[in-house]
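Hi,

Here is the structure I promised to pass on. My notes on what turned up in it follow below.

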Amino acid sequence: MRANVAGRLLQHYVDKSRSLPWRSPPGSPAPDPYRVWLSEVMLQQTTVAAVAPRFERFIARWPTVQALAAAPDEDVLGEWAGLGYYARARNLIACGREVAERGGFPDTEAELRKLPGVGDYTAAAIAAIAFGRRAVVIDSNVERVAARLQGLANPTKSQLREAVEAITPDERSGDFAQAMMDLGATICRPRSPLCADCPLRSDCAAFASGSPELFPKPKAKRRKPVRYGIARWIERDGTIWLVRRPSRGLLGGMAALPGPDWTDEKPEPREVLAQVRHVFTHFALELSIVRSDEAPGDGWWQPIRSLDQAGLPTLYRRAVDAVLSSGVKIAA
DNA sequence: AACACGTGGTG
DNA sequence: TCACCAAGTGT
(Lines give C-alpha, C1' and ligand atoms only; values in the text may rest on other atoms or scores of the structure.)
Protein backbone atom coordinates (compact mmCIF):
# COMPACT_ATOMS: atom_id res chain seq x y z
CA MET A 1 0.00 0.00 0.00
CA ARG A 2 1.60 3.21 -1.20
CA ALA A 3 -0.31 5.41 1.15
CA ASN A 4 1.33 3.55 3.97
CA VAL A 5 4.89 4.08 2.79
CA ALA A 6 5.13 7.68 4.00
CA GLY A 7 3.54 6.82 7.32
CA ARG A 8 5.86 3.94 8.00
CA LEU A 9 8.89 5.90 6.91
CA LEU A 10 7.97 8.83 9.16
CA GLN A 11 7.35 6.53 12.09
CA HIS A 12 10.74 4.94 11.60
CA TYR A 13 12.33 8.36 11.36
CA VAL A 14 10.70 9.50 14.58
CA ASP A 15 11.73 6.35 16.42
CA LYS A 16 15.29 6.20 15.15
CA SER A 17 15.67 9.86 14.33
CA ARG A 18 19.07 10.73 13.07
CA SER A 19 18.14 14.19 11.90
CA LEU A 20 20.84 16.78 11.48
CA PRO A 21 22.46 17.61 14.84
CA TRP A 22 21.44 21.26 14.65
CA ARG A 23 17.89 20.67 13.52
CA SER A 24 15.01 20.20 15.96
CA PRO A 25 13.29 16.81 16.03
CA PRO A 26 10.52 15.83 13.59
CA GLY A 27 7.19 17.42 14.47
CA SER A 28 8.79 20.57 15.91
CA PRO A 29 7.67 24.03 14.78
CA ALA A 30 9.24 25.17 11.51
CA PRO A 31 12.88 26.23 11.92
CA ASP A 32 14.37 29.62 10.96
CA PRO A 33 14.50 29.83 7.14
CA TYR A 34 17.97 31.41 7.34
CA ARG A 35 19.34 28.39 9.17
CA VAL A 36 17.61 25.98 6.82
CA TRP A 37 18.95 27.80 3.76
CA LEU A 38 22.49 28.06 5.13
CA SER A 39 22.70 24.43 6.15
CA GLU A 40 21.11 23.11 2.96
CA VAL A 41 23.57 25.06 0.84
CA MET A 42 26.45 23.81 2.98
CA LEU A 43 25.16 20.26 2.64
CA GLN A 44 25.23 20.33 -1.15
CA GLN A 45 27.62 17.48 -2.03
CA THR A 46 29.12 17.73 1.45
CA THR A 47 28.80 15.34 4.38
CA VAL A 48 26.93 16.13 7.58
CA ALA A 49 30.11 15.51 9.57
CA ALA A 50 32.03 18.11 7.58
CA VAL A 51 29.20 20.65 7.73
CA ALA A 52 28.23 20.47 11.40
CA PRO A 53 31.11 22.43 12.97
CA ARG A 54 31.27 24.89 10.08
CA PHE A 55 27.55 25.59 10.29
CA GLU A 56 27.87 26.40 13.98
CA ARG A 57 30.72 28.81 13.28
CA PHE A 58 28.73 30.60 10.59
CA ILE A 59 25.68 30.93 12.83
CA ALA A 60 27.76 32.19 15.74
CA ARG A 61 29.47 34.79 13.55
CA TRP A 62 26.42 35.80 11.49
CA PRO A 63 23.22 34.95 13.42
CA THR A 64 20.87 36.48 10.85
CA VAL A 65 20.76 36.92 7.12
CA GLN A 66 21.08 40.66 7.70
CA ALA A 67 24.35 40.11 9.53
CA LEU A 68 25.62 37.85 6.78
CA ALA A 69 24.59 40.36 4.13
CA ALA A 70 26.62 43.06 5.87
CA ALA A 71 29.81 41.00 5.96
CA PRO A 72 32.66 41.69 3.50
CA ASP A 73 33.09 39.08 0.76
CA GLU A 74 36.51 38.02 1.96
CA ASP A 75 35.22 37.30 5.47
CA VAL A 76 32.54 34.95 4.15
CA LEU A 77 34.90 33.28 1.68
CA GLY A 78 37.47 32.87 4.45
CA GLU A 79 34.90 31.27 6.72
CA TRP A 80 34.01 28.90 3.88
CA ALA A 81 37.65 27.94 3.26
CA GLY A 82 38.13 24.18 3.27
CA LEU A 83 34.48 23.37 2.55
CA GLY A 84 34.97 23.16 -1.22
CA TYR A 85 32.74 24.08 -4.14
CA TYR A 86 33.43 27.76 -3.56
CA ALA A 87 30.78 28.90 -6.04
CA ARG A 88 28.43 28.05 -3.18
CA ALA A 89 30.05 30.70 -1.02
CA ARG A 90 29.95 33.27 -3.80
CA ASN A 91 26.27 32.50 -4.35
CA LEU A 92 25.68 32.55 -0.60
CA ILE A 93 26.95 36.12 -0.48
CA ALA A 94 24.78 37.20 -3.41
CA CYS A 95 21.73 35.36 -2.12
CA GLY A 96 22.10 36.63 1.43
CA ARG A 97 22.23 40.23 0.24
CA GLU A 98 19.25 39.76 -2.04
CA VAL A 99 17.20 38.24 0.76
CA ALA A 100 18.20 40.93 3.26
CA GLU A 101 17.30 43.57 0.70
CA ARG A 102 13.84 42.14 0.10
CA GLY A 103 13.26 41.78 3.83
CA GLY A 104 13.31 38.01 4.20
CA PHE A 105 13.17 34.71 2.38
CA PRO A 106 10.37 34.07 -0.12
CA ASP A 107 8.09 31.31 1.16
CA THR A 108 7.26 29.45 -2.04
CA GLU A 109 9.31 26.94 -3.93
CA ALA A 110 9.02 28.87 -7.21
CA GLU A 111 10.33 32.11 -5.68
CA LEU A 112 13.07 30.37 -3.72
CA ARG A 113 14.21 28.68 -6.93
CA LYS A 114 15.10 32.10 -8.39
CA LEU A 115 17.72 32.81 -5.73
CA PRO A 116 21.39 32.30 -6.64
CA GLY A 117 22.74 28.94 -5.51
CA VAL A 118 19.23 27.62 -4.85
CA GLY A 119 18.42 24.86 -7.32
CA ASP A 120 15.58 22.38 -7.53
CA TYR A 121 16.64 20.42 -4.48
CA THR A 122 17.35 23.36 -2.18
CA ALA A 123 14.22 25.28 -3.16
CA ALA A 124 12.05 22.27 -2.41
CA ALA A 125 13.87 21.53 0.83
CA ILE A 126 13.50 25.08 2.17
CA ALA A 127 9.86 25.33 1.09
CA ALA A 128 9.03 22.06 2.83
CA ILE A 129 11.22 22.28 5.92
CA ALA A 130 11.12 25.99 6.71
CA PHE A 131 7.68 26.91 5.38
CA GLY A 132 5.66 23.72 5.73
CA ARG A 133 4.82 23.66 2.03
CA ARG A 134 4.21 20.42 0.24
CA ALA A 135 7.25 20.01 -2.00
CA VAL A 136 8.78 17.05 -3.76
CA VAL A 137 12.34 17.00 -2.48
CA ILE A 138 14.79 15.00 -4.57
CA ASP A 139 18.45 14.54 -3.77
CA SER A 140 20.68 11.58 -4.54
CA ASN A 141 19.44 9.69 -1.46
CA VAL A 142 15.84 10.13 -2.48
CA GLU A 143 16.66 9.09 -6.04
CA ARG A 144 18.28 5.90 -4.81
CA VAL A 145 15.43 5.03 -2.44
CA ALA A 146 12.85 5.66 -5.16
CA ALA A 147 14.78 3.70 -7.78
CA ARG A 148 14.98 0.73 -5.44
CA LEU A 149 11.35 0.87 -4.38
CA GLN A 150 10.38 0.78 -8.05
CA GLY A 151 13.14 -1.57 -9.13
CA LEU A 152 14.47 0.86 -11.72
CA ALA A 153 18.05 0.23 -12.83
CA ASN A 154 18.20 3.16 -15.25
CA PRO A 155 15.51 5.57 -14.09
CA THR A 156 14.79 8.80 -15.92
CA LYS A 157 14.37 12.02 -13.99
CA SER A 158 10.66 12.00 -14.71
CA GLN A 159 10.23 8.42 -13.51
CA LEU A 160 11.96 9.33 -10.26
CA ARG A 161 9.96 12.50 -9.90
CA GLU A 162 6.72 10.61 -10.40
CA ALA A 163 7.72 7.92 -7.92
CA VAL A 164 8.60 10.46 -5.21
CA GLU A 165 5.56 12.61 -5.96
CA ALA A 166 3.34 9.58 -5.47
CA ILE A 167 4.53 8.92 -1.93
CA THR A 168 5.04 12.51 -0.73
CA PRO A 169 2.37 13.33 1.86
CA ASP A 170 0.41 16.58 1.90
CA GLU A 171 1.29 17.23 5.52
CA ARG A 172 4.80 17.20 6.97
CA SER A 173 6.47 16.81 3.60
CA GLY A 174 9.57 18.40 5.15
CA ASP A 175 9.83 15.66 7.75
CA PHE A 176 9.10 13.14 5.04
CA ALA A 177 11.93 14.49 2.89
CA GLN A 178 14.35 14.36 5.79
CA ALA A 179 13.21 10.85 6.58
CA MET A 180 13.87 9.77 2.99
CA MET A 181 17.35 11.32 3.01
CA ASP A 182 18.07 9.81 6.39
CA LEU A 183 16.99 6.40 5.19
CA GLY A 184 19.22 6.74 2.14
CA ALA A 185 22.18 7.78 4.25
CA THR A 186 21.91 5.12 6.91
CA ILE A 187 20.00 2.10 5.58
CA CYS A 188 19.35 2.35 1.86
CA ARG A 189 23.03 3.02 1.25
CA PRO A 190 24.65 2.88 -2.20
CA ARG A 191 26.72 -0.15 -1.20
CA SER A 192 25.72 -2.85 1.27
CA PRO A 193 22.24 -1.58 2.06
CA LEU A 194 20.85 -2.75 5.40
CA CYS A 195 17.56 -4.08 4.12
CA ALA A 196 16.95 -6.07 7.29
CA ASP A 197 16.50 -2.77 9.13
CA CYS A 198 14.41 -1.08 6.45
CA PRO A 199 10.80 -0.19 7.22
CA LEU A 200 10.01 -0.17 3.48
CA ARG A 201 11.39 -3.51 2.42
CA SER A 202 7.95 -5.08 2.01
CA ASP A 203 7.26 -2.48 -0.73
CA CYS A 204 10.68 -2.64 -2.30
CA ALA A 205 11.19 -4.19 -5.74
CA ALA A 206 14.96 -4.06 -5.39
CA PHE A 207 14.81 -5.97 -2.10
CA ALA A 208 12.55 -8.53 -3.73
CA SER A 209 15.08 -8.96 -6.53
CA GLY A 210 17.68 -10.13 -4.04
CA SER A 211 20.31 -7.64 -5.28
CA PRO A 212 19.18 -4.23 -4.06
CA GLU A 213 22.62 -2.70 -4.52
CA LEU A 214 22.22 -2.99 -8.30
CA PHE A 215 19.54 -0.28 -8.24
CA PRO A 216 20.10 2.24 -9.61
CA LYS A 217 23.00 1.18 -11.79
CA PRO A 218 26.16 3.12 -10.82
CA LYS A 219 27.35 5.60 -13.45
CA ALA A 220 30.51 5.11 -15.41
CA LYS A 221 33.48 7.08 -14.13
CA ARG A 222 35.99 9.08 -16.13
CA ARG A 223 39.72 9.02 -15.70
CA LYS A 224 41.37 11.92 -13.94
CA PRO A 225 44.24 13.56 -15.79
CA VAL A 226 47.22 14.97 -13.87
CA ARG A 227 48.02 18.65 -14.15
CA TYR A 228 51.04 20.56 -12.91
CA GLY A 229 51.45 23.87 -11.18
CA ILE A 230 54.05 26.17 -9.64
CA ALA A 231 53.36 28.27 -6.56
CA ARG A 232 55.72 30.99 -5.34
CA TRP A 233 56.89 31.32 -1.76
CA ILE A 234 57.74 35.00 -1.48
CA GLU A 235 58.90 35.68 2.05
CA ARG A 236 59.74 38.92 3.86
CA ASP A 237 60.01 39.70 7.56
CA GLY A 238 58.06 36.69 8.71
CA THR A 239 55.33 37.19 6.14
CA ILE A 240 54.53 35.67 2.77
CA TRP A 241 52.83 37.17 -0.22
CA LEU A 242 49.29 35.96 -0.87
CA VAL A 243 46.95 36.84 -3.72
CA ARG A 244 43.25 36.50 -4.39
CA ARG A 245 42.28 34.26 -7.28
CA PRO A 246 40.02 35.53 -10.05
CA SER A 247 36.43 35.48 -8.93
CA ARG A 248 35.29 32.79 -11.36
CA GLY A 249 36.35 29.25 -11.98
CA LEU A 250 38.34 26.89 -9.82
CA LEU A 251 38.85 28.21 -6.28
CA GLY A 252 37.36 31.46 -7.56
CA GLY A 253 37.74 34.39 -5.19
CA MET A 254 39.82 32.44 -2.72
CA ALA A 255 43.15 33.39 -1.14
CA ALA A 256 46.13 31.64 -2.73
CA LEU A 257 49.87 31.48 -3.19
CA PRO A 258 50.85 33.37 -6.34
CA GLY A 259 51.88 31.43 -9.41
CA PRO A 260 51.33 30.91 -13.13
CA ASP A 261 48.39 29.02 -14.60
CA TRP A 262 48.54 25.25 -14.26
CA THR A 263 49.52 23.16 -17.26
CA ASP A 264 49.09 19.68 -18.66
CA GLU A 265 52.84 19.25 -19.17
CA LYS A 266 55.21 18.34 -16.40
CA PRO A 267 57.50 21.34 -15.84
CA GLU A 268 61.29 21.09 -15.97
CA PRO A 269 62.72 19.85 -12.68
CA ARG A 270 63.91 22.68 -10.44
CA GLU A 271 64.72 23.28 -6.85
CA VAL A 272 61.51 23.13 -4.86
CA LEU A 273 60.74 23.90 -1.23
CA ALA A 274 57.99 21.29 -1.22
CA GLN A 275 55.53 19.50 -3.42
CA VAL A 276 51.91 18.53 -2.86
CA ARG A 277 49.51 16.38 -4.82
CA HIS A 278 45.89 17.35 -4.56
CA VAL A 279 42.89 15.65 -6.13
CA PHE A 280 40.08 17.80 -7.46
CA THR A 281 36.81 16.57 -8.89
CA HIS A 282 38.03 16.11 -12.42
CA PHE A 283 41.82 16.18 -12.26
CA ALA A 284 44.75 15.74 -9.93
CA LEU A 285 47.25 18.53 -9.40
CA GLU A 286 50.93 18.25 -8.65
CA LEU A 287 51.93 21.58 -7.17
CA SER A 288 55.56 22.56 -6.68
CA ILE A 289 56.32 25.38 -4.30
CA VAL A 290 59.42 27.35 -5.21
CA ARG A 291 61.18 30.19 -3.42
CA SER A 292 60.92 33.47 -5.23
CA ASP A 293 61.59 37.16 -4.70
CA GLU A 294 59.56 38.36 -7.62
CA ALA A 295 58.12 41.84 -7.27
CA PRO A 296 54.50 41.26 -6.21
CA GLY A 297 51.47 42.71 -7.99
CA ASP A 298 48.11 42.79 -6.21
CA GLY A 299 48.05 40.94 -2.94
CA TRP A 300 49.07 41.25 0.69
CA TRP A 301 51.75 40.22 3.15
CA GLN A 302 50.34 37.55 5.43
CA PRO A 303 52.18 36.88 8.69
CA ILE A 304 53.35 33.27 8.67
CA ARG A 305 52.23 32.93 12.27
CA SER A 306 48.63 33.73 11.35
CA LEU A 307 48.42 31.78 8.11
CA ASP A 308 45.51 29.76 9.41
CA GLN A 309 43.45 32.95 9.46
CA ALA A 310 44.17 33.68 5.82
CA GLY A 311 41.21 31.62 4.62
CA LEU A 312 43.28 29.42 2.35
CA PRO A 313 41.49 26.61 0.54
CA THR A 314 42.81 23.15 1.28
CA LEU A 315 45.19 22.97 -1.67
CA TYR A 316 47.14 26.02 -0.49
CA ARG A 317 46.83 25.19 3.18
CA ARG A 318 48.54 21.88 2.39
CA ALA A 319 51.17 23.59 0.27
CA VAL A 320 51.97 25.98 3.10
CA ASP A 321 52.04 23.14 5.64
CA ALA A 322 54.40 21.20 3.41
CA VAL A 323 56.83 24.11 3.25
CA LEU A 324 56.68 24.86 6.97
CA SER A 325 57.27 21.23 7.91
CA SER A 326 59.95 20.63 5.27
CA GLY A 327 62.78 21.75 7.50
CA VAL A 328 63.68 24.55 5.11
CA LYS A 329 64.69 27.65 7.02
CA ILE A 330 61.77 30.01 7.25
CA ALA A 331 62.18 33.33 9.00
CA ALA A 332 59.04 33.01 11.04
C1' DA B 1 23.23 17.57 -22.04
C1' DA B 2 27.54 17.18 -20.44
C1' DC B 3 30.91 19.16 -17.79
C1' DA B 4 33.07 22.19 -14.18
C1' DC B 5 33.28 22.58 -9.59
C1' DG B 6 36.52 20.56 -3.60
C1' DT B 7 37.21 17.95 0.03
C1' DG B 8 37.32 14.27 3.41
C1' DG B 9 35.68 9.81 4.98
C1' DT B 10 35.31 4.93 3.95
C1' DG B 11 36.06 0.25 2.47
C1' DT C 1 46.77 3.28 -2.56
C1' DC C 2 42.50 4.13 -4.65
C1' DA C 3 37.82 4.34 -6.19
C1' DC C 4 33.58 5.80 -4.61
C1' DC C 5 30.59 9.21 -3.07
C1' DA C 6 28.24 13.01 -0.36
C1' DA C 7 20.91 16.68 1.63
C1' DG C 8 23.69 19.86 -6.19
C1' DT C 9 24.07 24.18 -9.03
C1' DG C 10 25.40 26.85 -13.00
C1' DT C 11 26.51 27.05 -17.67
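This is a predicted model: local features need pLDDT of at least 70, side-chain atom pairs count only at pLDDT 80 or more; totals for chains, interfaces and linings use all residues.

Residues are numbered from 1 along each chain as its sequence is written, chains are lettered from A and ligands numbered from 1 in the order in which they are written, and side-chain values use heavy atoms, with hydrogens and water left out.

**Overall picture**

Chain A has 13 helices and 7 strands; these are DSSP runs numbered from the N terminus, helices being H or I with at least four residues and strands E with at least two. The C-alpha trace spans about 70 × 50 × 30 Å along its principal axes. Of the 332 residues of chain A, 48% count as buried. Taking contacts (heavy atoms within 4.5 Å) between residues at least 6 apart in sequence, 67% join residues at least 24 apart.

**Two domains**

Chain A is divided into domain 1 (2-214) and domain 2 (226-324), with bounds that come from an automatic or database domain assignment. Their C-alpha centres lie 35 Å apart. Domain 1 puts 8 residues into the contact and domain 2 puts in 13.

About 700 Å² is buried between domain 1 and domain 2, and carbon and sulfur atoms give 60% of that. Buried area here is the accessible area (1.4 Å probe) that two parts lose on being put together, summed over both. On the domain 1 side, L77, Y86 and R90 lose the most area to domain 2, together 59% of what that side buries. Helix 5 (residues 73-80) supplies the largest share of the side of domain 1 that touches domain 2, with 3 residues.

**The annotated span and helix 9**

The unreviewed UniProt entry places the feature "domain: HhH-GPD" at residues 42-186. UniProt positions are given in the numbering used here, feature names are shortened, and annotations may be inferred rather than shown by experiment. Residues 42-186 are 68% helix and 0% strand, and the end C-alpha atoms of the span lie 20 Å apart.

Helix 9 (residues 140-150) is largely enclosed by the rest of the structure, because 8 of its 11 residues are buried. The buried ones are N141, V142, R144, V145, A146, A147, R148 and L149. Their cover includes helix 10 (157-167), helix 11 (173-186) and helix 12 (205-209). After helix 9 comes G151, with a positive phi near 70 degrees.

Another buried spot is L38, at 0% relative accessibility, which is found in helix 2 (residues 33-43). Leaving out residues up to four places away in sequence, L38 touches F55, F58, I59 and L92.

**Salt bridges**

The whole structure holds 18 salt bridges. Here are some of them:

- D107 pairs with R133, the closest N and O atoms being 3.3 Å apart. D107 sits in the loop between helix 6 (87-102) and helix 7 (109-112), and R133, 26 residues apart from it, in the loop between helix 8 (120-131) and helix 9. D107 is partly exposed at 36%, and R133 is partly exposed at 36%.
- R291 pairs with E235, with closest N and O atoms 3.3 Å apart. This pair links strand 6 (residues 284-291) to strand 2 (residues 235-236), across 56 residues.
- D175 and R172 meet at 3.1 Å, N to O. D175 is buried at 13%, whereas R172 is partly exposed at 40%.
- R57, R61, D75 and E79 are linked in a network of salt bridges.

Happy browsing!

Conventions
Buried means under 20% relative accessible area, exposed over 50%, partly exposed in between (1.4 Å probe, protein chains only). A salt bridge is a side-chain nitrogen of Lys or Arg within 4 Å of a carboxyl oxygen of Asp or Glu.
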